[in-house]
Amino acid sequence: MQVLVYGAGQLAQMMYLEGCPMGIEVQAVDVKNEQVVHPVTKQPMNISLGQAIANADALTVEFEHVPEHLLEQASRSGKLYPSIDAVLIGADRVREKRLLTRVGVANCPHRVVTQIDQLDSCIEELGERLILKASRDGYDGYGQWRLTQSSELSALKTTLQGLDLESVPLVVEKMLDFDREVSIIGVRDKQGQIRVYPLAENLHHKGQLHVSVAPALNITDALQKQAETIFTILAEGMGYIGVLAVELFQCGEQLLVNEIAPRVHNSGHWTLSGSDVSQFNNHLRAVTGLPLGQSDSLKVSAMVNIIGCSAFSSDLLSIPGCHLYWYGKTVREKRKMGHINVTADNFAELGDKLRALSEYLP
Ligand code: ADP
Ligand code: MG
């Protein structure tokens with residue numbers, strides 16, 4: 001079987017590697033050049049995009065910001081999973097908030113802003129601690145601005161002056177004092193069957209994910225159930241097929257949706273070492289119509305991103321249960337270069353291993 005993935009980064013690469021033992025050949029699309037490339041070497045393949053679409057059993061995406069004309073072409077094949085609508089929801093915070101409202105899933109108090117002057121009423125309604133997010137093309141904290149007190153408003157307005165808010169509105173959210181960030185990742189197949197992984201706890205630095213721990217510490221059955229219900233409502237609400245990630249803020253015993261990603265997700269990389277069937281494997285199964293695999297965690301896991309550097313000692317592999325996933329990209333500041341999965345029998349052991357790991361990382 002063949003699966004064509006739009007996007008040629010590490011997520012397509014990991015799908016490729018998980019597809020190999022199942023006899024699924026994954027090809028990637030470099031969406032800038034509209035060229036079919038090998039997901040690992042990134043070398044152009046001797047096939048046109050049109051031919052690759054015709055040959056593929058399923059088409060999917062590794063990121064939501066695929067140019068719309070390519071998504072439309074993919075959708076016309078009748079083989080795009082998740083659907084173009086689901087991908088476009090994930091690519092646009094305004095559509096995303098509309099979905100959350102439509103299906104009635106709790107999320108962060110917010111307003112949509114199309115004119116800078118509307119920021120004054122946002123402060124009145126939401127308070128002076130705000131986070132402003134460009135509705136499109138933002139990721140890893142890019143395209144975001146923060147307001148911590150109303151005296152900063154005029155400076156912020158100056159910063160935002162050049163933006164065309166009519167075509168790319170801002171979603172302005174109340175800055176929440178949540179207890180922690182967690183995410184729920186699951187998969188839904190063509191028959192509507194759903195499998196959900198345990199909640200992961202996510203630690204961010206400057207808007208970018210650094211560490212995930214799964215299962216998250218101190219998760220009650222009720223909280224896991226709440227997350228699974230949110231996942232199910234969203235996946236069913238979109239008629240979703242494939243892996244879907246939902247980022248959540250935990251406030252006491254309540255979960256609020258932060259954002260959704262219509263794809264495999266960085267906070268699910270732990271599943272490569274810590275679960276029976278990884279998110280990449282389950283995504284391929286869902287989009288090709290194969291039976292879904294188990295999504296329970298086998299042990300406790302942590303995933304540590306390697307960001308913006310390649311200089312570290314590979315002796316870290318001497319730590320038992322330590323697995324390196326290197327993406328083979330050229331180094332750039334803030335770029336995700338690879339990740340390390342660490343598995344352990346319990347959280348105390350996981351803590352020891354993470355402390356040992358920190359000795360090897362810059
Ligand atoms: P991205 O697409 O960059 O991941 P997010 O909306 O997830 O965008 O924001 C990045 C991070 O910023 C979040 O993981 C969280 O740490 C912080 N953040 C986002 N929205 C809020 C909010 N309303 N209140 C407090 N922190 C927030
Ligand atoms: Mg996010």
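## Surroundings of ligand 1

Ligand 1 is surrounded by 16 residues, of which Glu173, Met175, Leu176, His204 and Gly207 are the closest; a residue is near a molecule if its C-beta atom, placed from the backbone, lies within 6 Å of it. The elements S6 and S14 give two or more residues to this shell. Helices (H or I, at least four residues) and strands (E, at least two) are DSSP runs, numbered from the N terminus. By residue class, the shell around ligand 1 comprises five nonpolar, five polar and six charged residues. Here Ala, Val, Leu, Ile, Met, Phe, Trp, Tyr, Cys and Pro count as nonpolar, Asp, Glu, Lys and Arg as charged, and the others, Gly among them, as polar.

The model is predicted: local features need pLDDT of at least 70 and side-chain atom pairs count only at pLDDT 80 or more, while totals for chains, interfaces and linings use all residues. Residues are numbered from 1 along each chain as its sequence is written, and chains are lettered from A and ligands numbered from 1 in the order in which they are written.

## Domains and overall dimensions

The protein is divided into domain 1 (2–80), domain 2 (109–174) and domain 3 (180–358), with bounds that come from an automatic or database domain assignment. Both domain 2 and domain 3 give residues to the shell around ligand 1, so the ligand lies between them. The C-alpha centres of domain 1 and domain 2 are 35 Å apart.

In total, the secondary structure comes to 11 helices and 17 strands. The radius of gyration of the protein is 20 Å, close to the 21 Å given by the globule rule for 362 residues, so the protein is as compact as a globular protein of that length. This radius is taken over C-alpha atoms, and the globule rule is 2.2 Å times the number of residues to the power 0.38. Along the principal axes, the C-alpha atoms fill a box of roughly 55 × 50 × 40 Å.

## The sheet S3-S2-S1-S4

Four strands form an open sheet in the order S3-S2-S1-S4, with mixed pairing; two strands pair if DSSP finds at least two bridges between them. Strand S3 (35–37) and strand S4 (58–61) are the edge strands, each pairing on one side only. Neighbouring strands of this sheet are turned by 30 degrees against each other on average, direction ignored. Axes are lines fitted to C-alpha atoms, for helices over the stretch in contact, and angles run from 0 to 180 degrees between N-to-C directions.

Strand S2 (residues 25–30) runs antiparallel to S3 and is joined to it by three bridges, and Asp30 stands opposite Gln35 in S3. Helix H1 (residues 10–19) packs on the sheet, where it touches strand S1 (2–6) and S2, and its direction makes about 165 degrees with that of S2. Two residues are in contact if their C-beta atoms, placed from the backbone, lie within 7 Å.

## The sheet S5-S8-S6-S7

A further open sheet of four strands has the order S5-S8-S6-S7, with antiparallel pairing. Its edge strands, strand S5 (110–113) and strand S7 (144–147), each pair on one side only. Neighbouring strands here are turned by 20 degrees against each other on average, direction ignored. Four bridges join the antiparallel strands S6 (residues 130–134) and S7, with Leu130 opposite Leu147 in S7.

Helix H5 (residues 93–103) lies across S5, S6 and strand S8 (170–174), at about 55 degrees to S8. Helix H6 (residues 118–126) also lies across S5, S6 and S8, running at about 175 degrees to S5.
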